[in-house]
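Colleague: I am new to reading structures. Could you walk me through the terms, one at a time?

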Amino acid sequence: MNATAWKDVEAAVAVSKNKTIKELFAADPDRAKRYTVEAAGWTLDYSKNRLDATTLMALLKLADLSDLKAEIEKMFTGEKINRTEDRAVLHTALRNVDYTKRVFVDGKDVMPDVRGVLEKMAAFADKVRTGAHRGFTGKKIKYIVNIGIGGSDLGPVMANIALTPFGKRNIKCFFVSNVDSTHLAETLREVKADQTLFIVASKTFTTQETMTNALSARAWLVKELGDEKAVANHFVAVSTNADEVSKFGIDTANMFGFWDWVGGRYSLPSAIGLSLMIYIGPRNYQRFLKGYWKMDKHFRTAKFDRNLPVLLALLGILYINAYGAETYAVLPYDQYLSRFPAYLQQMDMESNGKSVDKDGNRVAHATGPVEWGEPGTNGQHSFYQLIHQGTHLIPCDFIGFCKTHNAIGDHHDKLMANFFAQTEALAFGKTAEQCRAEGDPEELIPFKTFEGNRPTNTLLADDLTPETLGSLIALYEHKIFTQGVIWNIYSFDQWGVQLGKVLAKNVLKDLTAEGAPELKHDASTNALIARYRKVLGRA
């Protein structure tokens, strides 16, 4: 992080922290208007933050001196900014709906390949939706089971739930990720083999959890239908390993590829989104990509003081690095976005959960926060107490829509009344004087007083559509990227997930070995392995 610019931020915060959000509003009648920005179908009101003009200017200077503008261009133009893996980072090319724009990696325009995969996906999706692609016995596909993990699961499951109103209701989508056999077993109880299409999503077709589930699903299908040839009708692959896909029994004509410049947690608009395209159809999927593209264009071209991802990133840095906040909450007031916080958890915590800077040195400041959340109003009856009156500072993003897809009585008015009221309560609180005016007994006033001054951002769109969902996802992608640039860390590798995978292979050998294996782990792990083997009669 640029030390000189950060000192200016700290100096500004030393003054502004003495002003409450309530005082900032009282001093500026136009504050709400001044701190509201619109782009790509979204309105961001960030006025309810511990932020004055001086602090904002210092934060914007921090972005400038971090060379953010140049780093944005490097990403969009295919430079290999993922240096530890020597890869470009071009998820933005996946949703480049402006086909006049060429994007190069190693001197090759990648857009023809991107369009080719999308066209292949669309053709296959139409075949499934219309019944042209049928199961082994001639029945139409009614069930889609996506088998993946991480980015190959979290994105598709989130988006399929979010875009349920646009889905083909006679197709039911399921998602299996956990290697815990319960996840697969319970899913298979919900589907019929002769009407099920399995999508195996693994770039290398060697991911342990995914391939374990895929092989078990394959065995189940063959047993149910009585013929190995059935695999070709009921399995497709999202992969680049044609040899392994073919060995599995999948027709490579039904293999949908992607590229090493697509990170898993950013892969939803790639072939990883095949289950979503089948569910909502190619036209709606194109609208989904257009939403991404609109936010991409905004992020790349808008000035930082009117740039939604940059502003969200800077506010996050303000609370993490100047106020010591360790977590923040994402609170969607729409049941269709129930999995959105979990999706963002991976995107943010896997990207910026780093303690080493780009030069290989230990960072001298906090980086990625712990991210969490649940849909409103459920969260209000769960953890909002801690946000309102607890000892932790927890900045919150509130996400909502003016219109609902399911108009029943006054449900939506009540939902949004709670949405707006919560941000008001968090910002302005309730004083002891207000409690006394309401007749509260003096002994209860300390318990019923709310100090307020709890920061929130409000993100509001007209309605939840494929386009607004795409732009919302891109908004957070670019926010996370911006924070990584300012913190001077690599956001697009994830070496931290590798060690556990390697060790698990060694542990598995010991768990399943015949006889009495010589355990060479630490004392605790050795004892746990021994206990496990004893319970299963392998000791």
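Modeller: Start with an open sheet of five strands, ordered β6-β5-β7-β8-β9, with parallel pairing. β6 (172-176) and β9 (255-256) are its edges, each with a single partner strand, so one side of each has no neighbour in the sheet. This is a predicted model: local features need pLDDT of at least 70, side-chain atom pairs count only at pLDDT 80 or more, and totals for chains, interfaces and linings use all residues. Residues are numbered from 1 along each chain as its sequence is written, and side-chain values use heavy atoms, leaving out hydrogens and water.

Colleague: What makes a stretch a strand or a helix?

Modeller: DSSP runs do: a helix is H or I over at least four residues, a strand is E over at least two, and both are numbered from the N terminus.

Colleague: How do you know that β7 and β8 pair?

Modeller: Two strands pair if DSSP finds at least two bridges between them. Strand β7 (residues 196-201) and strand β8 (residues 235-238) run parallel and are joined by four bridges, so by that definition they pair. One of the bridges links V200 to its partner A237 in β8.

Colleague: Which helices pack on this sheet?

Modeller: Helix α8 (residues 151-162) touches β5, β6 and β7, and its direction makes about 155° with that of β6. Helix α9 (residues 181-188) also touches β5, β6 and β7, at about 165° to β6. Such angles run from 0 to 180 degrees between N-to-C directions, and axes are lines fitted to C-alpha atoms, for helices over the stretch in contact.

Colleague: Why is N146 called buried?

Modeller: Buried means under 20% relative accessible area, exposed over 50%, and partly exposed in between, using a 1.4 Å probe and protein chains only. N146 has 1%, so it is buried. N146 lies in strand β5 (residues 143-147).

Colleague: What is N146 in contact with, beyond its neighbours within four places in sequence?

Modeller: S152, F174, F175, V176, I199 and S275. Contact means heavy atoms within 4.5 Å.

Colleague: Why is β13 described as largely enclosed?

Modeller: Five of the six residues of β13 (residues 456-461) are buried, so the rest of the structure largely encloses this strand.

Colleague: Why are α16 and α21 called roughly parallel?

Modeller: Helix α16 (residues 340-352) and helix α21 (residues 466-487) pack at about 20°, with axes 10 Å apart. That makes α16 roughly parallel to α21, because angles under 35 degrees count as roughly parallel, over 145 as roughly antiparallel, 65 to 115 as roughly perpendicular and the rest as oblique. Residues meeting there include F340 and Y343 in α16, and L472 and I473 in α21.
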